[in-house]
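Thanks, everyone. Let's take a quick look at the salt bridges in this one.

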Amino acid sequence: MGRNFVEAGFDLTVADYVTPRSLSVYRAELPDCFVVHLRISLQGARARAATRRIYLTDEEFDQLHEMIALPPEVDLVLDVDGLAQHEQLGALRTLWHKASTSAL
């Protein structure tokens with residue numbers, strides 16, 4: 001579906017938990033994709049999670065955070081600790097713009 005959007009001329013953003021295996025699929029199907037890993041400390045992640053409905057035990061939360069601590073070979077790792085949502089979006093827009101204009 002993503003490839004169809006790109007072929008139709010749309011900019012595409014995919015929010016996903018990316019593993020090495022899923023990243024290889026993205027790279028194969030969307031060869032010009034720009035992949036960013038949003039990194040946050042465990043304390044930052046806990047603070048954000050506290051503002052939402054909780055579905056995980058503390059142990060599960062820690063395990064999930066540990067699983068994403070080392071991202072696969074992405075194009076950029078963005079540290080989002082201490083950034084408000086609008087600041088994260090601004091940083092991503094800036095990075096995406098730089099990546100798209102450098103590819104031209």
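**Salt bridges across the helices**

R46, D58 and D62 are joined in a network of salt bridges. The term here means a side-chain nitrogen of Lys or Arg within 4 Å of a carboxyl oxygen of Asp or Glu. By this rule, the count is 4 salt bridges.

A word on the source. This is a predicted model, where local features need pLDDT of at least 70, side-chain atom pairs count only at pLDDT 80 or more, and totals for chains, interfaces and linings use all residues. Residues are numbered from 1 along each chain as its sequence is written, and side-chain values use heavy atoms, with hydrogens and water left out.

R46 meets D58 at 3.6 Å, N to O. R46 sits in helix α3 (residues 42–49) and D58 in helix α4 (residues 58–67), so this pair ties together parts 12 residues apart in sequence. Helices are DSSP runs of H or I, at least four residues, numbered from the N terminus.

R46 also bridges to D62, at 2.2 Å, N to O.

Buried or exposed? Buried is under 20% relative accessible area, exposed is over 50%, and partly exposed lies in between, with a 1.4 Å probe and protein chains only. D58 is exposed, at 53%. R46 is partly exposed, at 30%. D62 is partly exposed, at 31%.

Next pair. E29 bridges to R3, with the closest N and O atoms 1.8 Å apart. E29 is in helix α2 (residues 20–29) and R3 in helix α1 (residues 2–7), so distant parts of the chain, 26 residues apart, are linked. E29 is partly exposed at 38%, and R3 is partly exposed at 39%.

Methods:
Helix = DSSP H or I, 4+ residues; strand = E, 2+ residues; numbered from the N terminus.
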